[in-house]
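Me: Could you help me read this one? I'm new to protein structures, so please go slowly.
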Amino acid sequence: MNTTSSYRVRVMNYAHHIYVSGVTNWSEALKKAWTLYRLAKGMRKGVVKFYFEKVDGSARVAYGTLCNLPAGVTSRRSATKKPNFGTMCYWDTKKNAFRSFRVENFIAMAV
């Protein structure tokens, strides 16, 4: 069984989760899912500024990355984990710690 999936499958999984949460219609869910894909792709290349809504309703500005992480923070040895399409995890460069947010609360990515 192949454990890797194409980027289209990942985008559709994000869109499905956003749509099922009841926040928006399918068209808006797909737009948000593609933006989340671009966000993750950008974070693998460097630091990206983006916005999301916190649980209390206020907007949060975050600077996150998924590349050049400090040594030892991602060492899980041979453990594999099923991907979670309900949240997106990132390394916060201001707090120097892992953070995450719900994908349906994503607002925008700064240009």
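Me: Let's start with Glu28: how accessible is it?

Reply: Glu28 counts as partly exposed, because its relative accessible area is 37%. Please keep in mind, as we go on, that this is a predicted model.

Me: And which residue does Glu28 form a salt bridge with?

Reply: The partner of Glu28 is Lys31, and the closest N and O atoms of the two are 3.5 Å apart. Both residues belong to helix α2, where they are three residues apart, so about one helical turn separates them.

Me: OK, how many salt bridges does the structure hold?

Reply: There are two salt bridges in the structure. Besides the one between Glu28 and Lys31, the side chains of Arg60 and Asp92 also meet in a salt bridge, with 2.7 Å from N to O. Arg60 is part of strand β2 while Asp92 is part of strand β3, which covers residues 87–92, so this pair ties together parts that lie 32 residues apart in sequence.

Me: Is Asp92 buried or exposed?

Reply: Asp92 is buried, because its relative accessible area comes to 1%.

Me: Let me zoom out for a second. What does the secondary structure come to?

Reply: The protein has two helices and five strands, and if you follow the chain from the N terminus, the elements come in the order α-α-β-β-β-β-β. As for burial, 28% of the 111 residues of the protein count as buried.

Me: What about the surface, where do positive charges gather?

Reply: A patch of positive charge on the surface brings together Arg10, Lys41, Arg44 and Lys45. Helix α2, which runs over residues 26–45, gives the most to this patch, with three residues. Arg10 is found in helix α1, which spans residues 7–20, and Arg10 is partly exposed, because its relative accessible area is 33%.

Me: And which residues make the nonpolar surface patch?

Reply: Met12, Tyr19, Val20 and Trp26 make the nonpolar patch, which has an area of about 400 Å². Here α1 gives the most, with three residues, whereas Trp26 lies in helix α2. Trp26 is partly exposed, because its relative accessible area is 35%.

Me: Last topic: where does Thr65 lie?

Reply: Thr65 lies in strand β2, which covers residues 59–65, and Thr65 is buried, because its relative accessible area is 5%.

Me: Which backbone atoms lie 3.2 Å from a polar atom of its side chain?

Reply: One of them is the backbone oxygen of Gly46, which lies 3.2 Å from a polar atom of the Thr65 side chain. Another is the backbone nitrogen of Cys67, and its distance to a polar atom of the side chain of Thr65 is also 3.2 Å.

Key
Residues numbered from 1 in each chain as written. Predicted model: local features only at pLDDT ≥ 70, side-chain atom pairs only at ≥ 80, totals over all residues. Heavy atoms only, no water. Patch = residues over 30% accessible without salt bridge, like charges linked within 9 Å, V, L, I, M, F, W, Y side chains within 5 Å. Areas by Shrake-Rupley, 256 points an atom, 1.4 Å probe, with all protein chains shown as cover. Salt bridge = Lys/Arg side-chain N within 4 Å of Asp/Glu carboxyl O. Lys, Arg positive; Asp, Glu negative; His and termini not counted. Charge placed at Lys NZ, Arg CZ, Asp CG, Glu CD. Helix = DSSP H or I, 4+ residues; strand = E, 2+ residues; numbered from the N terminus. Buried < 20%, exposed > 50% of the residue type's maximum accessible area, 1.4 Å probe, protein only. Polar contact = N/O pair within 3.5 Å; in protein donor to acceptor, adjacent residues only side chain to side chain.
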